[in-house]
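Me: I should like to learn how to read the helices of a structure. Please show me where to begin.

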Amino acid sequence: MSKSMQGVLKIGSKFSNYKELKRRYDRDVRMQFHPAGTNADAIIIHEMGHQLDGYLTQRGVWGGNVSLYGTTRTSVAVKREVLQQLGYFDYIRAERAEWTRMGYKGRELNEALEFSKKEFITKHISEYANKNEREFFAECFAEYLMSARPREAAKIFGEVLEKIMEGLR
């Protein structure tokens with residue numbers, strides 16, 4: 001079971017020098033590695049996003065399921081919903097048609113589509129959000145809570161999260 005499923009939050013020693021951490025994080029935001037409008041303080045919120053995902057998964061919210069056969073995280077469904085509302089699936093269909101028209105097929109086509117997917121997610125959330133659905137969830141959570149002007153993906157995430165929380169009441 002992952003640490004976020006156990007409620008464990010650890011901060012490593014690389015976070016001990018706040019001035020250096022802030023400098024690196026600000027650089028990462030400029031490079032689109034972390035969400036726009038956030039600062040180094042968003043790291044804690046990001047990590048709390050993992051805890052929230054683990055909590056919702058354990059509660060069986062939005063398809064979250066923990067069983068003997070494995071875990072299906074709530075973040076899987078949340079990512080799919082956010083991408084759907086952002087228009088990702090229409091975008092990737094158009095990209096597939098364009099790459100195919102240019103003669104791409106097989107593994108080459110899959111690599112081109114993976115590039116397009118990463119480009120889309122980086123543009124709308126962050127490069128780090130490409131790692132997996134858990135990081136996608138945590139990056140959206142951080143921007144939603146920490147940015148004075150959250151972008152469309154973070155706003156959609158916030159709306160989805162509000163629906164989820166309403167269902168828990």
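Reply: We begin with helix α6, whose 19 residues should span 27 Å at 1.5 Å a residue; its end C-alpha atoms are 27 Å apart, which agrees. The expected span is 1.5 Å times one less than the number of residues, and helices are DSSP runs (H or I, at least four residues) numbered from the N terminus. This is a predicted model, in which local features need pLDDT of at least 70 and side-chain atom pairs count only at pLDDT 80 or more, while totals for chains, interfaces and linings use all residues. Residues are numbered from 1 along each chain as its sequence is written, and side-chain values use heavy atoms, with hydrogens and water left out.

Me: Which residues of α6 are buried?

Reply: An α-helix has 3.6 residues a turn, so residues three or four places apart point the same way. Buried (under 20% relative accessible area, 1.4 Å probe, protein chains only) are L109, A112, L113, S116, F120, I121, T122 and H124. Their cover includes α4, α5, α7 and α8, where contact means heavy atoms within 4.5 Å.

Me: How do the axes of α5 and α6 cross?

Reply: Two packed helices are described by the angle between their axes and the distance between the axes. For α5 (residues 88–101) and α6 (residues 106–124), the axes come within 10 Å and cross at roughly 145°. Axes are lines fitted to C-alpha atoms over the stretch in contact, with angles from 0 to 180 degrees between N-to-C directions. Among the residues making the contact are Y91 and W99 of α5 and L113 and F120 of α6.

Conventions
Helices (H or I, at least four residues) and strands (E, at least two) are DSSP runs, numbered from the N terminus. Buried means under 20% relative accessible area, exposed over 50%, partly exposed in between (1.4 Å probe, protein chains only).
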